[in-house]
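Open the model in your viewer and keep the selection tool at hand. The tour goes from stop to stop, with something to select at each one.

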Amino acid sequence: MKSFALHFVVVLAALLTGARGAAYGQDYAVGADVSFLAQAEHDGVVFKDNGVAAPGLQILKNHGYGWIRLRLFHQPSQLPNSLEYTIALARDAKKLGFKFLLDYHYADDWADPGKQPIPKQWQGKTHAELVTAVFEYTRDTIAAFRDAGVLPDMVQIGNEITNGMLWPDGRLPQNWDNFAQLVYAGVNGVDAGRGNNPRPRIMIHIDRGGDLKGTKAFLDKLNSYQVPYDVIGQSYYPWWHGSLNDLRGNLEFMARHYQKDIVVVETAYNWRPGNYLNRLPPFPESAEGQRAFLDELNRVIMETPDGRGKGVFWWEPAVEGDLTIRGVFDDHHDALPVITVFDRFTRGR
């Protein structure tokens, strides 16, 4: 009887563990920010995998990627990431079964911790007018994605907003009240634009991957305004954001303290020397070192307590120019070893 009972407990535990593992795998986002991909292919770039030409999205899909992230600028003049361009790229991805994270920059160009410029069309507006502009722009663009059949599955309200957004009106730490109202306006715009469709998950994206103290200061203050959101997004580039142990400690803290899902929504590593020319790198800046970095980073995220680590997004696998060394394709646009990191999780089904 004791032997039977023990066997039953072991089998039951195995079944429960398997069920948890299956559920965890299904909602874990393996993603890439491919905002430049359509432009590269339009300009004649032909991506390859082991020398065989294929669309870039298909190559990512073949290697276990299930999410794309696309940034949206208000009225871009230098970069391609307009509403029309983004809808078209989202359509291509949805046809292949990708889920879609939309990254609002609320700017005409790059918005990040060092700059959060107000769109040209919004300059000179009062704070109340900016709140209305954010709401209406978010509502109308979400409705455009909805009507095109590519409603995002997740939406970032701003990009790396640790220092606020729409400067100077929503700059932090000076203007927390203004900033919170602008974020609220974005969240409300998503709700107003989605119609009767399920609400996309809302992400708050900051750039404090390995910085527990900075993360706590920002999120504690944001949460004091009761801003509704579902997911914490972190950028993590080791040359800026600390060691993998720093990231691990911050993931553990966020999971337990905030009890929200967490995604490392921007990461990358060089496949040839670039960021560690005068200091020792955590991994070699080589093709194999790049693969080893992503493999270990993914392991750290998946070990986040309570299953709160919900995914990782590579920043711009198809980027051209000086940042090509952070992509996942070599100078001949052939896929590098890093593309294979998720194969073992998705193949053999």
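Leaving aside its neighbours within four places in sequence, which residues is Phe 73 in contact with? Select Phe 73 and look around: the contacts (heavy atoms within 4.5 Å) are Leu 79, Asn 81, Ser 82, His 105, Ala 107, Asp 108, Asp 109, Trp 110 and Tyr 137. Phe 73 sits in the loop between strand 4 (67-72) and helix 4 (83-95). Helices (H or I, at least four residues) and strands (E, at least two) are DSSP runs, numbered from the N terminus. With a relative accessibility of 0%, Phe 73 counts as buried; buried means under 20% relative accessible area, exposed over 50%, and partly exposed in between (1.4 Å probe, protein chains only).

A note on the model before the next stop. This is a predicted model, in which local features need pLDDT of at least 70 and side-chain atom pairs count only at pLDDT 80 or more, while totals for chains, interfaces and linings use all residues. Residues are numbered from 1 along each chain as its sequence is written, and side-chain values use heavy atoms, with hydrogens and water left out.

Next, select Ile 202, which is in strand 9 (residues 201-206). Ile 202 is buried, with a relative accessible area of 0%. Beyond its neighbours within four places in sequence, Ile 202 is in contact with Val 155, Ile 157, Val 187, Val 190, Pro 228, Tyr 229, Asp 230 and Val 231. For a contrast in position, find Gly 242: it is 40 residues from Ile 202 in sequence and 26 Å away in space, C-alpha to C-alpha.

Now show the two helices at residues 127-147 and 176-193. Helix 5 (residues 127-147) and helix 6 (residues 176-193) pack at an angle of about 30°, with their axes 7 Å apart. Helix 5 is therefore roughly parallel to helix 6. Angles under 35 degrees count as roughly parallel, over 145 as roughly antiparallel, 65 to 115 as roughly perpendicular and the rest as oblique. Axes are lines fitted to C-alpha atoms, for helices over the stretch in contact, and angles run from 0 to 180 degrees between N-to-C directions. Residues to show at the contact include Leu 130, Val 134 and Ile 142 of helix 5 and Leu 182, Ala 185 and Val 190 of helix 6.

How many aromatic pairs does the structure hold? The structure holds 27. Rings of Phe, Tyr and Trp (its six-membered ring) pair if their centres lie within 6.5 Å; planes under 30 degrees apart count as stacked, over 60 as edge-to-face and the rest as tilted. The rings of Phe 47 and Phe 329 have centres 4.6 Å apart and planes at 45°, so this pair is tilted. Phe 47 and Phe 329 are 282 residues apart, and each is buried. Trp 176 and Phe 218 form a tilted pair, 5.5 Å centre to centre with 50° between the planes. Trp 176 lies in helix 6 and Phe 218 in helix 7 (residues 212-224), so the pair ties together parts 42 residues apart in sequence. Trp 176 counts as buried at 11% relative accessibility, and Phe 218 is buried at 4%.
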